[in-house]
Amino acid sequence: MSVSLNCEVDSNPASTPIWQRDNGPLPVEQSDDGWLNFTKISRAESGWYKCYTRHMLGIFNSIGYFLNVRYMETEAEALNGESTDSRKMEVQIGGAVTLECDGGCWGHGPGMDPVGGPGRLALSRVVYQEAGEYRCVAPDRKMQDTWRAQLPYHIKVTGRPMVHPPSQTVTAKEGEPLNIVVEFCAEPRYTKVLWMSEENVYVPGAPARDGVQALAIEDGGTESCYRTVLSFDTIQWSHAGEWLLLVRSSEGIADASVLLNVTRASEYSHAHFRSASLTYLSLCLALVILQEHRR
C-alpha cells in the first residue's frame with residue numbers, strides 16, 4: 001500500500017523539516033515541504049523515523065515513530081486477536097504523545113492498570129515510568145471484536161538518566177544495619193553507576209569496604225528502570241553525612257544526594273541496662289548473705 005509521513009515545523013524565521021531513519025539512509029527521497037511518500041511500502045522500509053530541524057536557536061526533534069510493515073497474513077491474525085505486534089512509538093523524556101482509541105478505556109502495563117479514557121489518551125511531560133504497553137479495552141462485551149482489531153501501543157521513552165528521588169534524608173541508629181535504596185531510569189541503558197562518600201567510591205557488585213557495599217543493580221520493575229542499594233553492615237558514627245549517587249549514560253549524567261543522620265542509643269536504654277544490672281547484682285549479694293547466715 002502507499003504510505004506518507006509528513007513533518008511540519010512552525011517557526012519564525014522558517015526552518016526546513018528533515019526526516020531521518022535510525023538504521024540508515026532514507027529509503028525514499030523527501031519532498032521540500034516535509035513529506036516522505038512510499039508508493040509501495042515494503043518490510044525493508046520498517047524502522048524508526050524521526051523529524052528534526054536546524055534552527056538559529058538550535059536543533060529541535062520530533063518524537064520517534066516506528067513504521068511497522070506487515071504481510072496480509074499477519075493482518076488477518078491481528079483481526080482474530082492472535083497477533084502480538086504493537087504500534088510502537090518513541091518519545092523523549094518530558095515530551096508528549098496522544099494515543100487514539102474508539103471509545104474504549106485505557107490500560108497500561110502487564111496488569112492493565114487503568115490510566116484514562118474513554119477515547120483518546122494524551123500523555124504530557126512523559127516520564128520513564130509511563131513507558132510500556134497501552135491497550136484500549138472495550139467498554140462492553142459487544143465491542144470485543146473491535147477491541148481485538150486494534151493493536152496495542154508500545155511507548156519507548158528515551159533521554160537522559162533520571163534518579164528518583166533526587167534527594168532524601170535517612171536517619172539510622174548507630175550499631176544497626178541499613179539499606180539505602182534509590183531507583184533510577186535510563187534509555188539508552190546506563191554505562192556507569194557509582195556511590196560516593198567524602199572518602200571512598202563504591203561500584204555496584206564490588207566487594208564491601210569497611211562494612212559498606214553497593215549491591216548489584218536490580219530490575220526496578222518498570223521498563224528502563226533499575227534499583228541500586230547501598231548496604232551498611234553496621235551503622236557507625238563516621239557514616240553520617242552526604243552520600244552521592246551518580247548515573248551516567250550516553251545521553252548525560254544524573255545524580256542523587258542522600259543525607260545520612262546517625263543517632264546514638266538513648267540514655268534511657270543505657271540507664272535501664274545499668275539499673276537491671278544493679279538489681280541482678282543486689283539479688284546475687286542477697287543470696288550470698290543469706291547462705292552465709294544459714295551457715
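Glu90 has 9% relative accessibility and therefore counts as buried, where buried means under 20% relative accessible area, exposed over 50% and partly exposed in between, with a 1.4 Å probe and protein chains only. The model is a predicted one, in which local features need pLDDT of at least 70 and side-chain atom pairs count only at pLDDT 80 or more, while totals for chains, interfaces and linings use all residues. Residues are numbered from 1 along each chain as its sequence is written, and side-chain values use heavy atoms, with hydrogens and water left out.

Glu90 is the salt-bridge partner of Lys50, with the closest N and O atoms 4.0 Å apart; a salt bridge is a side-chain nitrogen of Lys or Arg within 4 Å of a carboxyl oxygen of Asp or Glu. This pair links distant parts of the chain, since Lys50 belongs to strand E4 and Glu90 to strand E7 (residues 87-92), 40 residues apart. Helices (H or I, at least four residues) and strands (E, at least two) are DSSP runs, numbered from the N terminus. Lys50 is also buried, because its relative accessibility is 12%.

The structure holds four salt bridges, among them the following.

| Salt bridge | Closest N and O atoms |
|---|---|
| Lys50 and Glu90 | 4.0 Å |
| Arg135 and Glu133 | 3.9 Å |
| Glu174 and Arg264 | 3.3 Å |

Glu174 sits in the loop between strands E14 (167-173) and E15 (178-187), and Arg264 in the loop between strand E22 (252-263) and helix H3 (267-294), so this pair ties together parts that are 90 residues apart in sequence. Glu174 counts as partly exposed because its relative accessibility is 33%. Arg135, with a relative accessible area of 23%, is partly exposed, and Glu133 is partly exposed at 30%.

Elsewhere, Ser249 lies in strand E21 (residues 241-249) and is buried, at 6% relative accessibility. Leaving aside residues up to four places away in sequence, Ser249 touches Pro161, Pro188, Arg189, Tyr190 and Thr191, a contact meaning heavy atoms within 4.5 Å.

By contrast, Asp210 is exposed at 60% relative accessibility, and its place is the loop between strand E17 (201-202) and strand E18 (212-214). Met56, in the loop between strand E4 (47-55) and strand E5 (58-61), is exposed with a relative accessible area of 65%.

For the protein chain overall, the secondary structure comprises three helices and 22 strands, and buried residues make up 35% of the 295 residues.
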